[in-house]
Amino acid sequence: MKILVLIKQVPDSTTNIRIRADGADIDRAGVKMVVNPFDEFAIELAQQLREKRSDVQHITALAVGPAGAAEALRTAMAIGADDAIHLQDAAFDSLDELQTAALIAAVVREGGFDLILCGKQEIDLDSGQLGPALAERLDWAHVGAVTALEIAADGRSVEASRRIEGAEERVRCGLPALLTIEKGLVEPRYPSLPNLMKAKKKPLSVKTAADVPGFADLAGAVGGTRMHKLEPPPARPPGRQIKGEPAQQAAELVRLLREEAKVI
Amino acid sequence: MSRGTGPIGRLVRWSRFVEIKFVGLQVSHMSKDVLVFAEQRNGRLHPAVAQIVTPARALATAGGGRVIAVLIGAAADSAADALTATGVDHIVTISDPSLERYTALRYRSALAAAIAHLKPGVVLLPATFMGRDLAPRVAMRTGAALATDVIELSRDAEGRLDVRRPIYNGKAFGRVSFPAGRLAIASVRLNTFAPSTGGSGAGRESLAAPAVESDGRLTCSEVVRTGGEVKDVTEAEIVVSGGRSLKSEDNFKLLYELAGVLDAAVGASRAACDAGYQPHGRQVGLTGKTVTPKLYIACGISGAIQHLAGMRGSKVIVAINSDPEAPMCKLADYAVIGDLFQVVPALTAEARKLLAH
C-alpha cells in the first residue's frame, strides 16, 4: 500500500494575527510556522498504519508552498514519511484551493497511491476544500472528518466513522480513497531527535510549474477566486461586569439578555 | 478523468478538453437564478436552509432571477412543505432509495445534475458537515469557483459575486472575489442570517437521480447518535459551555439543567474533554467544533486562545468566572464575576421563572 499525506505549513495557532497595511496578506514577519495540526493527525495516522500493518510499503508527504514549506515536510518525514514532494513556484502562489487541488491531482495521478490522507481543514484559511476537491479531481471516493477507521486485512476497503451534527455516519468504501482527518482519531507524537536527524537525509524533490503536466490549462478550468482584502475582526463593544450576590447577578443577567441583547 | 496513458488516455484527455469547452458553453447560458441546496435528513429540513434562503433572495432580487431549491433524498418530497414556507420560488426534488443517507458520491452526482439542468449563476449551501463535505466536490465537478463558510455576500460593480469569510479562526476576515463567467458556489456559515419565512407557494419539479454506477463504491451503513437526545453544539442557537473548573463529569449536570431550560446545547473546553468530563464531540475550539450561536455562556472557562478560536463568532457572549482578569471575561459582553457553582443554579432558576411566562 502506498500512502500520500498532504501537508500545509500554517502560522501557529497561538499567533497574534496582524494584517499588513495594504490588506493583501497578514504580516508574516516573526510568525512561527508549523505543520497544520489536522495534517499532523494525518501523518501520524499514516505512520501508525505502517506500524500496525505489514502492507504499507511507502509514505510520501506533499506540500504546496514557498521555500519554508520544506521545513513542514522535514517534520512529516521525521514522524514517518519516507520521502517528500515540494511543489514550489511563484506561479502556484496565486492558485485558489480548487486550482491547488487540480495541481496536486496532476502531480500524483500516476503515482500509484492507494490512500491519500490530509487534515479536515487548514487552520489558516479554514476552507476545508482541498481533500474533497482533490478526490473529485481524481475521481476517487473520499470520507471527510474521519473519527474512526478500520482498513480491511486485504487492504482493499476501509470502514470509517465521520462526525456530523450530534451523530456519526458509518461509511464504507473501496480503495483508492482519500480520507480527511478529524481530531480524536490519533494523538500526534513529537518527532524524536534521531528521527529529525534522519529526516534531513530523506529525499525531498522540488517540482516547479514546468514539471507539472498540463499546468498551463489548470487555472482556466476551475476555481479562480481571489482573496483581495484582509480585514481585522470588528471590535466588540466593551463588555460589562455584573457583580453582587449570585441571585442578584442571575436576575440582572437574565434581564439584560432579554431586554438589551434580546437573545432569550 | 483519465488515469491511463496511450491512445485511450489521450482520447480521454481530449474529451476532458471538450468537457471544458462544454462548461464554457454552459456558462454563456447561465441563468440569473440562485440555487439553494436544501439539506434534509430523514425528511427534516436542516434549520440552516431557511437561513441561507435570505441571502439567496437578496442576490436573486438584485440579479432579476428566482430562488430555486433542490431537495435530495429517499423521499425528498416530505421536506417540501417546510421548504415552501421559507419562501423559495421553485422546488426541484431528486428522490431515490439510494439517496436515503448522505454519501459524497451520490449527492455530488445529484446536485451536479440539478446544476446542469437549472444552470444557476450562483449556488448556496449551508456550511454544515454535509455542505462542507459536498461543496468542494460539486464545485470541482461543475468547473465552478467556490468559497466556504461565508458570512456576507454581495455583487461587485460588474455583477460578480464578492463574499466575506472568517480566516485564521476568526482572528481576521477575507474578502473573496469570484471570476467572471463561471458558476459561483458558496457555503454559508450557520446562524449568520435570519431565517426566511412567509412563503406559501412554490413551483414543483422532480428530476431523476443520475445513475452513476461507480457511485456505489461509497456507502453509508448507519447514522449513530452520539450525543443522546441533546442538541449538538453546532446546531443550537444557545450554547452553555464548561471548563475544567467544573471539576467532574457529574458537575456538568448543572450546565445540562441550564441548557434544558434555555433549549441550549452543552459544550466544553479542550481541558474539560481531555479530563473526561465530556466527550470530544462536544469540544468547542480550534481542534474541536466552531460554533456561532446567538448566545454563548462560558462557565468557568478562562479563555485560552484555542477555545476563543471556536466561539468568538458568537453574537452575545456571557462569561461566568471568579477571575475578572480571565481572557473570557475581557471578551464577554456580560461577565458575571462569581462562583459558577452558585451562579449557574441561580441563573437556571431565573431563566425558568422568565420562560414560564
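Colleague: How do strand 6 and strand 11 of chain B pair?

Modeller: They pair in the parallel sense, over five bridges. Strand 11 covers residues 184-188. Leu125(B) stands opposite Ser187(B) of strand 11 of chain B. Strands here are DSSP E runs of at least two residues, helices are H or I runs of at least four, and both are numbered from the N terminus. Two strands pair if DSSP finds at least two bridges between them.

Colleague: Before we go on, what kind of model is this, and what pLDDT do local features need?

Modeller: This is a predicted model: local features need pLDDT of at least 70, side-chain atom pairs count only at pLDDT 80 or more, and totals for chains, interfaces and linings use all residues. Residues are numbered from 1 along each chain as its sequence is written, with chains lettered from A and ligands numbered from 1 in the order in which they are written.

Colleague: Back to the strands. What joins strand 7 to strand 11 of chain B?

Modeller: Four bridges, and the two strands run parallel. Leu146(B) has Ile185(B) as its bridge partner in strand 11 of chain B.

Colleague: What's the strand order of the whole sheet?

Modeller: It goes 7-11-6-1-4-5-12 in chain B. That is an open sheet of seven strands with parallel pairing. Strand 7 (145-150) and strand 12 (203-207) of chain B are the edges, each pairing on one side only. Neighbouring strands are turned by 20° against each other on average, direction ignored. Axes are lines fitted to C-alpha atoms, for helices over the stretch in contact, and angles run from 0 to 180 degrees between N-to-C directions.

Colleague: Which strands does helix 4 of chain B lie across?

Modeller: Strands 1, 4, 5, 6 and 12 of chain B. Helix 4 runs at about 150° to strand 4 of chain B.

Colleague: And how does helix 4 of chain B sit against helix 5 of chain B?

Modeller: Their axes come within 9 Å and cross at roughly 50°. The two helices are therefore oblique to each other. Under 35 degrees counts as roughly parallel, over 145 as roughly antiparallel, 65 to 115 as roughly perpendicular, and the rest as oblique.

Colleague: Which residues meet there?

Modeller: From helix 4 of chain B, they include Tyr107(B), Leu111(B) and Ile115(B). From helix 5 of chain B, they include Leu134(B), Arg137(B) and Val138(B). The contact divides into seven nonpolar, one polar and four charged residues. Nonpolar is Ala, Val, Leu, Ile, Met, Phe, Trp, Tyr, Cys and Pro; charged is Asp, Glu, Lys and Arg; the others, Gly among them, are polar.

Colleague: Now the interface. How many residues of chain A are in contact with chain B?

Modeller: 73 of chain A, with 81 of chain B. Contact needs C-beta atoms, placed from the backbone, within 7 Å. Helix 7 of chain A gives the most to the chain A side, with 10 residues. That side has 36 nonpolar, 17 polar and 20 charged residues.

Colleague: What joins strand 13 of chain A to strand 18 of chain B?

Modeller: Three bridges, and the strands run parallel. Gln241(A) stands opposite Ala335(B).

Colleague: Is Asp333(B) buried or exposed?

Modeller: Buried, with 22 C-beta neighbours inside 10 Å. Asp333(B) lies in the loop between helix 9 and strand 18 of chain B. Its contacts beyond four places in sequence include Gly239(A), Ala261(A) and Val316(B).

Note on methods: Contact = placed C-beta atoms within 7 Å. Buried ≥ 20, exposed ≤ 12 C-beta atoms within 10 Å, placed from the backbone.
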